[in-house]
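Let's take a walk through this structure together, one topic at a time. Keep the 3D view open as you read.

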There are 2 protein chains.
Amino acid sequence: MTDYIESLQRLSEQFSKLQGVGRKSAMRMAFSLIEFDDESAQEFAQAIIDAKRMIHRCPLCGNLTDKDECYVCSDLSRDTSIICVVEDVKALMSIEKVREYKGVYHVLHGAISPVNGITPDKIRIKELIERVGSGDVNEVIVATNPTQDGEVTAMYISKYLKPLGVKVTRLAYGIPVGSDLEYADEITLGRAIEGRRDV
Amino acid sequence: MTDYIESLQRLSEQFSKLQGVGRKSAMRMAFSLIEFDDESAQEFAQAIIDAKRMIHRCPLCGNLTDKDECYVCSDLSRDTSIICVVEDVKALMSIEKVREYKGVYHVLHGAISPVNGITPDKIRIKELIERVGSGDVNEVIVATNPTQDGEVTAMYISKYLKPLGVKVTRLAYGIPVGSDLEYADEITLGRAIEGRRDV
């Protein structure tokens, strides 16, 4: 149907290229955009171009930024002796939301995944080892995802960092706060028992 | 957090202006777009500008098109004596997918909704009446949505078209094919009983 309107079809295809957007949602978004006035559509297009032009990776930690350094690295109150390693910027943002962590970050931009052909040299592990080797780093918190790829990545990083005399830690596994034991999966529950603490 | 990256924030706001896109999804889309290469991002921006520039309403029926007339109106095999009235282009597309209807359309671009300040003059009802009055139209199928606003619109249209000597029909209400009676709501079920047919 919309094949008849080529430019609408093209716009819809662009939306469907975004992660997590299916064909139906993409078409709905294209329709919605057609309803924008000319100025708003122009603003949208400009926002894409601007974001793409201005945003780049922080040369220190790999976080996204539109400045020379990201806002974490350029914040002098942050403790540069603790580095939290995350797979992506979304994980960094999640940790920042807690407002408890005062160290800095290292964004890997991926996780080791032999199945998907992602070898250690494809993500920012070398940069991490160099960074730890050349600075006054006391602790590296490996906050990769609790998935198989995340685990493999954590093990790999740990193997290379420990010889440098740095403390390497991993986030605690356990029952999510506010959840019900009945609904916890067995692996999580097993890890929670394993990691039990004195009260 | 992302407030620190102004251009990312701005891009995310643009996505959240699209109908049905919430703040979290918008941010995820903005992140996804940042991962595009420069050329793809440029293509995306261009697709927005092109679609907005080229797509307009068909002067006859109100459907979207990038030509002088929409593909339905310019198709000589369609029966112009039957007009199907829909609220929006998405409804038109749904009917086209059935591949059974061979008449033409009239897109109202809305429905009468006193609560939302949408009076009959705000949607394309006048154009419909003029069209029916000036052409060889035998039947108008009012396919507005089965909602209160859709019903009010259908009644209003019917009131003005019937004096013109044209047959005005409405889509049948009933149980959706393939569904289970147990899950049908009472109003739909009531309408299905009311509209029962001989077998």
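Let's start with the cysteines. This is a predicted model, and the count of disulfides over all chains comes to zero. As a reminder, a disulfide is a covalent bond between the sulfur atoms of two cysteines.

What keeps A:Cys58 from having such a bond? The closest cysteine sulfur belongs to A:Cys73 and is 3.9 Å from the sulfur of A:Cys58, which is too far for a bond, because the two sulfur atoms would have to be within 2.5 Å. A:Cys73 is in no disulfide either: its nearest cysteine sulfur, the one in A:Cys61, is 3.7 Å away.

Are these cysteines buried or exposed? A:Cys58 is buried, at 2% relative accessibility. A:Cys73 counts as buried too, with a relative accessible area of 16%.

## The sheet in chain A

Now look for the open sheet in chain A: it has four strands, in the order 4-3-5-6, and the pairing is parallel. In general, strands of a sheet pair through backbone hydrogen bonds, either parallel or antiparallel. At the edges sit strand 4 (103–107) and strand 6 (167–170) of chain A, each pairing on one side only. On average, neighbouring strands here are turned by 25° against each other, if you ignore direction.

Zoom in on strand 3 (residues 79–86) and strand 5 (residues 139–142) of chain A, which pair in the parallel sense over four bridges. Within this chain, A:Cys84 has A:Ile141 of strand 5 as its bridge partner.

Two helices of chain A pack on this sheet. Helix 5 (residues 125–134) touches strand 3, strand 4 and strand 5 of chain A, and its direction makes about 150° with that of strand 4. Helix 6 (residues 148–161) touches strand 3, strand 5 and strand 6 of chain A, and its direction makes about 170° with that of strand 6.

## Two copies and an axis

How do chains A and B relate? Rotate chain B by 180°, with 0.1 Å of shift along the axis, and it superposes on chain A with an RMSD of 0.1 Å. The two copies are therefore related as by a two-fold rotation axis. Both copies use the same surface: 98% of the contact residues of chain B recur in chain A.

Which residue of chain B comes closest to the rotation axis? That's B:Ala45, whose C-alpha is 2.2 Å from it.

## A lysine that touches the other chain

Finally, find B:Lys17 in the loop between helix 1 (6–16) and helix 2 (23–34) of chain B. B:Lys17 is partly exposed, with a relative accessible area of 43%. Leaving aside its neighbours within four places in sequence, B:Lys17 is in contact with A:Ser32, A:Phe36 and A:Glu43.

Key. Residues are numbered from 1 along each chain as its sequence is written. Chains are lettered from A and ligands numbered from 1 in the order in which they are written. This is a predicted model: local features need pLDDT of at least 70, side-chain atom pairs count only at pLDDT 80 or more; totals for chains, interfaces and linings use all residues. Side-chain values use heavy atoms; hydrogens and water are left out. Buried means under 20% relative accessible area, exposed over 50%, partly exposed in between (1.4 Å probe, protein chains only). Contact means heavy atoms within 4.5 Å. Copies are superposed by least squares on the C-alpha atoms of residues with pLDDT of at least 70 in both. Two strands pair if DSSP finds at least two bridges between them. Axes are lines fitted to C-alpha atoms, for helices over the stretch in contact, and angles run from 0 to 180 degrees between N-to-C directions.
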